[in-house]
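Me: Could you take a close look at the disulfides here and walk me through them one by one?

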Amino acid sequence: MAYLRSSFVFFLLAFVTYAYAATIEVRNNCPYTVWAASTPIGGGRRLDRGQTWVINAPRGTKMARIWGRTNCNFDGAGRGSCQTGDCGGVLQCTGWGKPPNTLAEYALDQFSNLDFWDISLVDGFNIPMTFAPTNPSGGKCHAIHCTANINGECPGSLRVPGGCNNPCTTFGGQQYCCTQGPCGPTDLSRFFKQRCPDAYSYPQDDPTSTFTCPSGSTNYRVVFCPNGVTSPNFPLEMPSSDEEAK
């Protein structure tokens, strides 16, 4: 009997180890509410200042995104809207957010048993962010940041309420969106790259913007407003404090 119980416990531990490749802690350090979003797993969660949300990401998860939504209002059924990052008017996101939104992107247990992850401004910028392994192992497995005053310095042609759009969103076309083959940086993409050199500034900005960590042994942390109240990147309109669905 004891052997059977031990075997069952071992099976459960092995299943948990197999099922979850990484734990991702999302923390809001902003002095306002952020409605965090995560796809294809997680959905959404209201985070008041200082609150955290833990996402258990299964092995093989890819094309995954985490972002923050601002100035949201949701009713008791979880329906409503957000000024930035809205995902179809629902609290629990199943699709991507509407630009502008600063993105933490990741794919777990991919080539060579590595996790691939990045911060992307290809959908613009709304909230400063840090994305980091909790146990960095050197090389390209280290914390990355995008905390510059992008909202305050945003070019007029890209400025929108609550954030700063990427030129692909604003103008479209091959030059900015790279949808028809190779493309290079532009003056507008350089605006983002100069301020956040770790982050993607246009769709083919791979060499300086993709980071890797060993899969299965690395957990991660995403922090909104890592500099707290000293950050200049606060929305001009403070988010509503209305309660969303629990």
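Reply: Happy to. Let's start with Cys-72 and Cys-82, whose sulfur atoms sit 2.0 Å apart and form a disulfide (a pair of cysteine sulfur atoms within 2.5 Å). Cys-72 belongs to strand S5 and Cys-82 to strand S6 (residues 80-84), so this pair ties together parts 10 residues apart in sequence; strands here are DSSP runs (E, at least two residues), numbered from the N terminus. The S-S torsion of Cys-72 and Cys-82 is about 110 degrees, so the disulfide is right-handed. Both Cys-72 and Cys-82 are buried, meaning under 20% relative accessible area with a 1.4 Å probe, protein chains only.

A word on the basis: this is a predicted model, where local features need pLDDT of at least 70 and side-chain atom pairs count only at pLDDT 80 or more, while totals for chains, interfaces and linings use all residues. Residues are numbered from 1 along each chain as its sequence is written, and side-chain values use heavy atoms, leaving out hydrogens and water.

The structure holds eight disulfides, and another one joins Cys-87 to Cys-93, S to S 2.0 Å. With -80 degrees about the S-S bond, the Cys-87 and Cys-93 link is left-handed. Cys-87 is buried at a relative accessible area of 8%, and Cys-93 is buried at 5%.

Next come Cys-141 and Cys-213, also a disulfide, with sulfur atoms 2.0 Å apart. This pair links distant parts of the chain, 72 residues apart: Cys-141 is in the loop between strand S9 (129-133) and strand S10 (144-146), and Cys-213 is in strand S13 (residues 211-214). The torsion about the S-S bond of Cys-141 and Cys-213 is about 105 degrees, so the disulfide is right-handed. Cys-141 and Cys-213 are both buried.

Terms used. Helices (H or I, at least four residues) and strands (E, at least two) are DSSP runs, numbered from the N terminus. Buried means under 20% relative accessible area, exposed over 50%, partly exposed in between (1.4 Å probe, protein chains only).
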